[in-house]
Amino acid sequence: MPEITLYTYFRSSCSARLRIALHLKSLPYTPIPLNLLEGAQQSPENLARNPSGTVPTLLISPSPGSPTADHTADPIKITQSLAALEYLDEAFPATYPLLPRDPAKRALVRTLAQIIACDVQPVTNLRILKRVAPLGVDRAAWSRELIVDGLRAYETLIAGAGVSGRFSVGDEVTVADVCLVPAVWGAERVGVDVAGLFPVVARVVERLEGLEAVRRAHWARQGDTPAELRVE
């Protein structure tokens with residue numbers, strides 16, 4: 001088993017995607033928290049690791065006991081969560097595959113994941129919100145409006161795709177679901193009425209939150225979650 005390290009932040013939805021996937025695939029990992037509110041992501045050390053100055057960063061090193069591994073090689077380093085999710089699915093296909101075999105369903109999963117990654121998550125990003133503040137807008141209201149637009153597209157696609165099942169695309173958790181859950185956590189934090197506006201999304205998320213892997217990945221259960229926000 002390789003050694004996996006995840007540079008993370010408890011409230012980062014992109015980090016949560018990888019926490020969920022790693023737990024689903026039963027892959028042990030070492031979390032290293034970076035406090036985004038204190039600017040740890042912009043430290044020279046982190047910028048050398050992740051030039052975007054963000055989290056997550058996923059590092060994969062050979063197992064120390066592997067006789068065939070090249071222990072002089074640098075770890076595999078992935079600094080974008082969608083790329084990391086696809087790597088995990090390709091490198092560890094035997095446990096909990098996250099992409100369907102069917103090409104059409106696979107394309108739908110990727111479309112849904114990109115709606116979250118491109119249309120929903122960026123407007124909750126601390127770096128973006130700091131740049132919006134000087135414009136004099138209500139940051140929460142601005143975020144809510146754009147999040148609602150993105151989740152409406154997600155809801156429309158999964159409700160109209162004719163792919164019945166317990167989750168976004170069928171009865172198995174996919175990359176789309178792994179991206180959806182943290183996005184809904186973020187949406188609810190800024191006051192989006194997810195259950196009222198998006199009943200199909202809400203039902204999918206309720207089922208996902210019943211999974212142990214998702215519960216373990218929740219932002220309120222991380223090692224760097226402040227004590228006043230922590231739940232067991």
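This is a predicted model: local features need pLDDT of at least 70, side-chain atom pairs count only at pLDDT 80 or more; totals for chains, interfaces and linings use all residues.
Thr174 is buried, with a relative accessible area of 3%. Thr174 sits in the loop that joins helix 6, residues 139-160, to helix 7, residues 175-189. Leaving aside residues up to four places away in sequence, Thr174 touches Leu98, Pro100, Val109 and Val169. The call of buried follows because the cut-off is under 20% relative accessible area, and Thr174 has 3%.

Let me turn to the domains. The domain assignment of the protein gives domain 1 as residues 3-95 and domain 2 as residues 103-217. Their C-alpha centres lie 22 Å apart. To the contact, domain 1 contributes 17 residues and domain 2 contributes 20 residues.

How much area do the two domains bury between them? The size of an interface is often given as the accessible area lost when the parts come together. For domain 1 and domain 2 that figure is about 1700 Å², with 68% of it on carbon and sulfur atoms. On the domain 1 side, Arg17, Ile20 and His23 supply 35% of the area buried against domain 2, more than any other three residues.

I come next to the polar side of this interface. The count between domain 1 and domain 2 is two residue pairs in polar contact, both at pLDDT 80 or more. Across the interface the rule finds one salt bridge. Glu86 forms a salt bridge with Arg110, and their closest N and O atoms are 2.9 Å apart.

Which elements give two or more residues to the side of domain 1 that touches domain 2? They are helix 1, residues 13-24, and helix 3, residues 81-91. Helix 1 gives the most, with nine residues. By class, this side of domain 1 has nine nonpolar, four polar and four charged residues.

Finally, some remarks on backbone geometry. Most residues other than glycine have a negative phi, and most peptide bonds are trans. Against that background, the peptide bond from Val55 to Pro56 is cis, with omega near 5°. Pro56 lies in the loop between helix 2, residues 44-49, and strand 3, residues 57-61.

Two residues deserve mention for phi. Ser26, although not a glycine, has a positive phi of about 55°. Ser26 is placed in the loop between helix 1 and strand 2, residues 30-33, and is exposed, with a relative accessible area of 60%. Tyr96, also not a glycine, has a positive phi of about 50°. Tyr96 belongs to the loop between helix 3 and helix 4, residues 103-120, and is partly exposed, at a relative accessible area of 28%.

Definitions and conventions. Residues are numbered from 1 along each chain as its sequence is written. Side-chain values use heavy atoms; hydrogens and water are left out. Domain bounds come from an automatic or database domain assignment. Contact means heavy atoms within 4.5 Å. Buried area is the accessible area (1.4 Å probe) that two parts lose on being put together, summed over both. A salt bridge is a side-chain nitrogen of Lys or Arg within 4 Å of a carboxyl oxygen of Asp or Glu. A polar contact is a pair of N or O atoms within 3.5 Å; within protein, one must be able to donate a hydrogen and the other to accept it, and residues adjacent in sequence count only if both atoms are side-chain atoms. Helices (H or I, at least four residues) and strands (E, at least two) are DSSP runs, numbered from the N terminus. Ala, Val, Leu, Ile, Met, Phe, Trp, Tyr, Cys and Pro count as nonpolar, Asp, Glu, Lys and Arg as charged, and the others, Gly among them, as polar. Buried means under 20% relative accessible area, exposed over 50%, partly exposed in between (1.4 Å probe, protein chains only).
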